Amino acid sequence: VTRAWDARKMGGSTGETVMKYLSCVAIATAAWLAVGCGCAASNERRSERGATIGNPKHEAWGAYFSLPPGFSGGENDAGGIELTDGEIAVMVGRHPIDEGESFESFAEARRRSLADLGAASTLLRSARRIGDRDGFVLSGRGADGVELRLLLVPLDPRTGLSFLLVGEAGRAGRLDLAWTTLLGSVELPK
């Protein structure tokens, strides 16, 4: 995320921009680590196909999703995917679901981790149907006016897929557009 974001695009004075930028990066990093947005279920390396500026369709572990034009990026060091348009960060990860753990408890553990780290002071949780699967949405505002939205869906019975969107509250319109586009486009493998 830090390489992809251009602080000049975040608006405000130079000092203010740097502080907002560092705050967003800190929140995104904490959130990324808290929910384990990486490829913990596999050691395989993969590249993110279709992440060019002109192609809003992306692929992650057999699931397809779209974002508004302008998002680009690829695989991060943890094996997850990071995409950004310079203002909004999108992180996609694959996570193992422990034997005997329900998807609901899996989602609740991610909510607690985010709240414990202060990534979101109040998180609202709601159910979300994606294709033929039940998932969860967690959303809220974190420290320093950072908006956070997390979609958790089962990829298969032992694997969860997460889509984490992070951006400044002042960019709510762009965040809403990216979130709506993502939610309306996720196609999970059969």
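Predicted model: local features only at pLDDT ≥ 70, side-chain atom pairs only at ≥ 80, totals over all residues.
**View 1. His95 and its polar partner.** His95 is buried, at a relative accessible area of 2% (buried is under 20%, exposed over 50%, partly exposed in between, with a 1.4 Å probe and protein chains only). Its side chain makes a polar contact of 2.7 Å with that of Ser162 (a pair of N or O atoms within 3.5 Å; within protein, one must be able to donate a hydrogen and the other to accept it, and residues adjacent in sequence count only if both atoms are side-chain atoms).

View 2. Seven strands line up as β3-β4-β5-β9-β8-β7-β6, with antiparallel pairing. Strands (E, at least two residues) and helices (H or I, at least four) are DSSP runs numbered from the N terminus, and two strands pair if DSSP finds at least two bridges between them. β3 (72–75) and β6 (122–130) are the edges, each with a single partner strand, so one side of each has no neighbour in the sheet. Over at β3, four bridges tie it to β4 (residues 81–84), and Glu75 has Ile81 as its bridge partner.

**View 3. Phe163 and the largest nonpolar core.** This core holds 26 residues, and Phe163 is among those with the most contacts inside it, along with Phe65, Val92, Leu151 and Leu161. A nonpolar core here is a set of buried Ala, Val, Leu, Ile, Met, Phe, Trp, Tyr and Cys residues joined through side-chain atoms within 4.5 Å. Helix α3 gives the largest share, five residues. Setting aside neighbours within four places in sequence, Phe163 touches residues including Phe65, Met91, Trp179 and Val186 (contact means heavy atoms within 4.5 Å). A second, separate core of 16 residues includes Met91, Ile97, Phe103 and Phe106.

**View 4. Asp144 in its loop.** Asp144 lies in the loop between β7 and β8. Asp144 is exposed, with a relative accessible area of 66%. Asp144 and Ala169 are 25 residues apart in sequence and 8.9 Å apart in space, C-alpha to C-alpha.

Key. Residues numbered from 1 in each chain as written. Heavy atoms only, no water.
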